[in-house]
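I opened my notebook to see how the parts of this chain hold on to each other. Here is what I looked up, entry by entry.

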Amino acid sequence: MVIMLWKERRSFLALLKFFSGSRCNIIHRLYSQQEGKVRVRFAPSPTGYLHLGGLRTALYNYLFAKSNNGDFILRIEDTDQTRLVPDSLQNLEEMLEWTGLSPDEGPSAGGNYAPYKQSERLEVYQENVKTLLENGSCYKCFCAPQRLELLRKNAIRNKETPRYDNKCRTLSETQVKENLNDGVPFVIRFKMKSRAKPFNDLIVGKTLYDVGSIEGDPVMMKRDGFPTYHFANVVDDHLMKITHVLRGQEWQMSTNKHLLLYEAFGWNPPKFAHLPLVLNKDGRTKLSKRFGNNTYVSHFQESGIYPEALLNFLTFCGSGFEDNHEILTLPEMVDKFSIDKVLNHSAVLDLELLPGVNQAHLIRRFQDQDLQEKLITELKVAVENQYEIKFSDRDFLYRILDLRKYHISNIKELITSEYSYLWVKPDVEPEKIRAITPYAETTIKCVIGYLATIENKSLLSEDLKKDLKETYQQVSGVSWPAFMKVIRMCLSATMEGPSVADMITMLGPSEVLQRMRRAQEILEEG
């Protein structure tokens, strides 16, 4: 293809175009395959139900892994036992399964590097921290919590960044032994170096945060024998052969700390990519699970949002694609994803756009024959659960979906009060019909006459509009709006809703004829 482009005299510009976009992604894939199989991990803490920010991180890890024929690993970082939320792990795995981001390895999936819960890997951390104690990269710190709190308060009072003063770093062997003999509790700290080297972030570019000049020596192992996040994630990433770490931008300042840990172990670090912050619509506050239940993934599942629509929507505030707002299925996202196109600045997540995205996915589902049948079944189940009735007429449900797919964002909207007349015959009040026009009975009689001729036919809405116009001309003394309002009131007992032609098409001529005759009887009785 390159030769063809060159012969067509597009030369330099054509080559640039050829090697842009998805072609760059192909080159990146080939390069990654040469380096070894790509392995990424999504490593949440089970401190609450999965929310949009966490799902966005999982999605980008999944897209990067699958676009490079790699593995997507789920690891649970539950070393902070004080913040664990019961059943949050179950929710996490269920929501990943629902969205299609099923891990290749994890607590339930298993794998060659199990266990995948950090609380079950304490022996691994204890063994590895010994290495850093023996090579002098770590030390035991016996400072009491009261002293550390005093340091923190003094720093805040002096408008300084709170930091540990590294007091125990200089303890002699004799002092350490005395504290151990006395049973003084201790933590294990890492000797932080200053003058850190910059690293190349795959999204942000060249980055440096000289953590050693700003922070004191960080804790690696706590008094309770559990590791801190910084220590455990470095050890696990190395042992699980993680090649790329994709995580939120809030962890960017910790990366130099992690790189120093890799150096202390003598390990080669993975490549890092820090995803842009997700901001609320105001563009100032960070999206958080603390903003309420409406950021939990389960909320969107219960609201009738399709999983691929939710994933597609999340890419709007991170990109990774040529077109930032293209409607894509998950396989299409994998195929078109390129980390080179991920935004390197904060992005706004406007939840008001989600219904439109969901509608676009609903329309795509309806156009796919297999998914169309699932949609019809979905509508059938929703209606039967809401109204406790049974439907066997597939064509009836099909017509409703076909005519309303551009007017609804999800199936559940079709079982609201606005559309209740579709499923339950409405209670028509004669006073409301007569209030429209004194010629209501004449109107109904003419419409019944017309409907009787098409009772067993299927008509398009456009054909109905034409026929209704001709029927209207047979009624004297009635305006066109009043004529249509009478029909609408007879069919739905309301003055609002879809066009009358659409209502007739959805209900079908036979059902409409029954309702018009019933309205006629009510008027005669009243």
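**Salt bridges and burial**

I began with aspartate 502, which is buried at a relative accessible area of 13% (buried means under 20%, exposed over 50%, partly exposed in between, with a 1.4 Å probe and protein chains only). Before going on, I noted that this is a predicted model, where local features need pLDDT of at least 70 and side-chain atom pairs count only at pLDDT 80 or more, while totals for chains, interfaces and linings use all residues. I also noted that residues are numbered from 1 along each chain as its sequence is written, and that side-chain values use heavy atoms, with hydrogens and water left out.

What does aspartate 502 form a salt bridge with? I found arginine 404, with the closest N and O atoms 3.8 Å apart (a salt bridge is a side-chain nitrogen of Lys or Arg within 4 Å of a carboxyl oxygen of Asp or Glu). This pair links distant parts of the chain, as arginine 404 is in helix α17 (residues 394-404) and aspartate 502 in helix α23 (residues 500-507), 98 residues apart. Helices (H or I, at least four residues) and strands (E, at least two) are DSSP runs, numbered from the N terminus. Arginine 404 is buried too, at a relative accessible area of 6%.

Next I looked at aspartate 395, which bridges to arginine 394 at 3.7 Å between the closest N and O atoms. Aspartate 395 is partly exposed at 46%, and arginine 394 is partly exposed at 29%.

In helix α24 (residues 509-525), glutamate 511 and arginine 515 sit 4 residues apart, so about one helical turn separates them. Their salt bridge has its closest N and O atoms 2.8 Å apart, and both residues are buried.

How many salt bridges are there by this rule? I got 30. I also wrote down a network that links Arg41, Arg75, Glu77, Arg121, Asp236 and Asp237 through salt bridges.

**Rings**

My search of the whole structure turned up 18 aromatic pairs (rings of Phe, Tyr and Trp, the last by its six-membered ring, pair if their centres lie within 6.5 Å; planes under 30 degrees apart are stacked, over 60 edge-to-face, the rest tilted). Tyrosine 49 and tyrosine 296 make an edge-to-face pair, 6.1 Å centre to centre with 65° between the planes. Tyrosine 49 is in the loop between β1 (39-42) and α4 (52-67) and tyrosine 296 in the loop between β10 (278-279) and α12 (297-302), so the pair ties together parts 247 residues apart in sequence. Tyrosine 49 is partly exposed at 30%, whereas tyrosine 296 is buried at 18%.

I noted one aromatic cluster made of Phe231, Tyr262, Phe265 and Trp267.

**Cores**

Which residues touch the most other members of the largest nonpolar core? Out of its 106 residues, they are Leu101, Leu310, Trp423, Ile433, Ile444 and Met516 (a nonpolar core is a set of buried Ala, Val, Leu, Ile, Met, Phe, Trp, Tyr and Cys residues joined through side-chain atoms within 4.5 Å). Helix α4 gives the most to this core, 9 residues. A second, separate core has 29 residues, including Tyr125, Met192, Tyr262 and Trp267.
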